[in-house]
Amino acid sequence: DALKVAELAAKIGTSKMELDDVIDYRVGLMLNVNVGDTVNYGDVLMTLYLKDKKVKFEDNDFKFIKIN
């Protein structure tokens, strides 16, 4: 779900939610697997690069990750 990824990106400061929000080019996220890839227990699915380690994440922030 691209919208959920974009919302997570905005939460860590990589994009704007409001017109006057400032983009922080020191932060970001990288999806390490693609849809349909085989993953194993312990594989890193996503890497977050944070400036503010006090960002409050909720379970809902990562609901776009689905493993069958």
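I count a salt bridge when a side-chain nitrogen of Lys or Arg lies within 4 Å of a carboxyl oxygen of Asp or Glu. By that rule the structure holds three salt bridges.

**Ground rules.** I am working on a predicted model: local features need pLDDT of at least 70, side-chain atom pairs count only at pLDDT 80 or more, and totals for chains, interfaces and linings use all residues. Residues are numbered from 1 along each chain as its sequence is written, and side-chain values use heavy atoms, with hydrogens and water left out.

**Layout.** I looked up the elements next. The protein has one helix and two strands. Helices (H or I, at least four residues) and strands (E, at least two) are DSSP runs, numbered from the N terminus. The order from the N terminus on is α-β-β. I boxed the C-alpha atoms along the principal axes and got roughly 40 × 20 × 20 Å.

**Cover.** I call a residue buried under 20% relative accessible area, exposed over 50%, and partly exposed in between (1.4 Å probe, protein chains only). Of the 68 residues, 19% count as buried.

**Pair E7 and K4.** I find these side chains in a salt bridge, at 3.6 Å from N to O. Both residues lie in helix α1 (residues 2-12). They sit three residues apart, about one turn of the helix. E7 is partly exposed at 33%. K4 is partly exposed too, at 29%.

**Pair D61 and K11.** Here the closest N and O atoms are 2.6 Å apart. Which is D61, buried or exposed? D61 counts as buried, at 16% relative accessibility. K11 is partly exposed, at 32%.

**Pair R26 and D24.** I read 3.0 Å, N to O, for this salt bridge. R26 is exposed, with a relative accessible area of 60%. D24 counts as buried at 16%.

**Contacts.** I take a contact as heavy atoms within 4.5 Å. Among contacts with a separation of 6 or more, residues 24 or more positions apart account for 33%.

**Surface and charge.** I used the Shrake-Rupley method with a 1.4 Å probe for accessible areas. The protein exposes about 5800 Å², and carbon and sulfur atoms supply 53% of it. I list 10 positive and 12 negative side chains. Lys and Arg count as positive, Asp and Glu as negative; His and the chain ends are not counted. I place each charge at NZ of Lys, CZ of Arg, CG of Asp or CD of Glu. The centres of the two sets lie 5 Å apart.
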